[in-house]
Amino acid sequence: MRSPILDYLDGIIAGTDHVDSGALADYIPELAAADPDRVAVALCTVNGTVYASGDTDDRFSIQSMSKPFAYALAIEDRGLEDVLERVGVEPSGEAFNELSLDPETGKPRNPMINAGAIATHALVKRDDAAAVDRILALFSDLAQRPVGIDEALAASELATGDRNLGLAYLLHASDQLGHDPAAAVEGYIRQCSASVTVRDLALMAATLANGGVQPNSGLRLFSRRNTRHVLSVMASCGMYDAAGDWLTSVGIPAKSGVAGGIIGVLPGQVGVAVFSPRLDAHGNSARGVVMMEKLSEDLGLHLMEAGRPARSSLRETRTVAVEGVPATVYVLQGDMVLSSIEALTHELIGNPPPTDLVVFDMSRVDEVLPVARRTSAAMAAKLIDAGHRIILVDPEETVPGFQDSQGRAVERWSVDRFEQGLTSRGSV
Ligand SMILES: NC(=O)CC[C@H](N)C(=O)O
C-alpha cells in the first residue's frame, strides 16, 4: 500500500507546477546549464523514515546548504567560543555574497553568508585529512552513503570565483582567516560542489531535527547544544536578506543553495528538503519557497504556532486508604514541562491536600525537564514542612529524591507496594 504521505508529497509537486518564476544562477556557468524544470521534495522524520517525490534521485550541488554542517563541524572541532571569536551570529540583511565584514568587529557577520562560510571552512581542523575531506566524510555519515564532489561544477566555480577570492583576501587583510586565501576558497568551493539528492538532504536535515544524532545509524555527529546553536543561526540568517519573510511565513530554521535546494528543520520532528533550480532575487529557489510555504501550512511546521494548550500533567486526584491510612493520590502523566509543573503547583497551593499522607503516582510520566525537577523538589520540601508525609511512586526515577530543610525525605515506593497498599478507592 502506498503511504498517504507520499501521495501528499506528489500533490505538493503537482500543486506548484505553475510556479516558473525566477532564473538559473548564471554566475557559475555549470549551474546556468542545469535543467530548470527538475523538481523534487523529501521529508525525513526523526525516526529516520524518508518520503520523497519528484526527481528524487537527481543529483545537484549542495552549495550553501553545506554551510550549517561545516559550521557545526568547526564548532565540534574547536568549541563554540573559538568559532564565535572569528565569525558572528547576527543576520546581515545583505546578499549572500556581499563584499563586507562587520565594521565594528572586523568579522564576518554570520556563517551563512559567503564571508562567514569561507572563514568557517578554514576553521575545520585538518589533521591528516584536508578540511574538505572531513566535510565530505561528515556529509556521507549524515546521508548514509558516500557523498562525492561534482568536479566539473567545482572547476567551473573556481574559474569564476573572483568574488569569493575577494572576500577571502578581505578576511586575510583583517587577520580573520589564518589561511592562504586561495586555498581557503578552493576548499570552500569544493565543499559547495558536493553532489546530493533531496533524500540525502532530508536525512541531513533530520539529523539536525534529531538533536545531532543521525536517526538511522544512531551516530551522534553534533552535540545537542551545538545543534541548537546551529539551528538558531539558520533561523536568523539561513535565508539571507529574506530571513524575516521566511521566518514569518514558513517559520522554521532553513538554508538555501544557489543550485536550487532548500532544507528546513522542525526540531524534534522532521527534516524537509525541496529542489527546483530557478532562483528568486534573493538567490533562493522560487518554487522551493512556495513548496516550503505549503509544507509548513499543511504539516503545521511553523515554530511560532502556539499549538494545542499544554496539558496539565495532573491526570486525576483520588482520596484512598493506603495501608489503612487516608491518602490523597495525585496521578501524573506525560511530559513535565514548565506549563505542566506550574499547573500542578497551582493546584497544590490553591487546593491543599486534605490528608497528611500524599502520594505522587509518577508511573505514567515520560520526561521531566530540569525546571520541573527543581520545582517539584521545592514543592515537595514545602509540603513536608507543612507536615505532610510524601510517597513517590516513580519506577523510572524521573525525579530525584528530595528532603526538607531538616533532612526529612520523601519515601519511594515500588508500583507493587503501592498497589498492594491500596485498600479502598474513591474520587474527590
Ligand atoms: N548561496 C549559495 O549557495 C552560494 C554558494 C556558492 N558556492 C557561492 O559561493 O557563491
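The model in which they occur is a predicted one. The axes of α6, which covers residues 131-143, and α9, which covers residues 181-192, cross at roughly 20° and come within 9 Å. The crossing in which α6 passes α9 is right-handed. On the α6 side the contact is formed by Ala-131, Val-132 and Ile-135, and on the α9 side by Gly-187, Arg-190 and Gln-191. By class, the residues of this contact comprise three nonpolar, two polar and one charged.

Helix α9 also packs with α8, which spans residues 162-173; the angle here is about 130°, and the axes lie 9 Å apart. The two helices α8 and α9 are therefore oblique to each other, since an angle has to be over 145 degrees to count as roughly antiparallel. The handedness of the crossing of α8 with α9 is right-handed. From α8, the residues Asn-164, Leu-165, Ala-168, Tyr-169 and His-172 take part in the contact, and from α9, Pro-181, Ala-182, Ala-184, Val-185, Tyr-188 and Ile-189. In the contact of α8 with α9, nine residues are nonpolar, two are polar and none is charged.

Most residues other than glycine have a negative phi. Gln-144 is not a glycine, yet its phi is positive, at about 60°. Gln-144 is placed in the loop that joins α6 to α7, the latter being residues 151-159. With 19 other C-beta atoms within 10 Å, Gln-144 is partly exposed, because a residue counts as buried only if 20 or more such atoms lie within that distance.

Glu-397 sits in the loop between β11 and β12. Glu-397 is exposed, as 11 other C-beta atoms lie within 10 Å, and the cut-off for exposure is 12 or fewer.

Glu-396 is found in the loop between β11 (389-393) and β12 (411-413). Glu-396 counts as exposed because it has 11 C-beta neighbours inside 10 Å. Between Glu-396 and Met-112 the C-alpha to C-alpha distance is 42 Å, while their separation in sequence is 284 residues.

The whole chain provides the setting for these details. Its secondary structure consists of 16 helices and 13 strands. The C-alpha trace spans about 85 × 55 × 35 Å along its principal axes. The chain has 428 residues, of which 46% count as buried. Among the contacts with a separation of 6 or more, 68% are between residues 24 or more positions apart.

Key
Residues numbered from 1 in each chain as written. Predicted model: local features only at pLDDT ≥ 70, side-chain atom pairs only at ≥ 80, totals over all residues. Axes fitted to C-alpha atoms, helices over the stretch in contact; angles between N-to-C directions. Helix = DSSP H or I, 4+ residues; strand = E, 2+ residues; numbered from the N terminus. Left-handed = near helix turned anticlockwise from the far one by under 90°. Contact = placed C-beta atoms within 7 Å. Nonpolar A, V, L, I, M, F, W, Y, C, P; charged D, E, K, R; others polar. Parallel < 35°, antiparallel > 145°, perpendicular 65-115°, else oblique.
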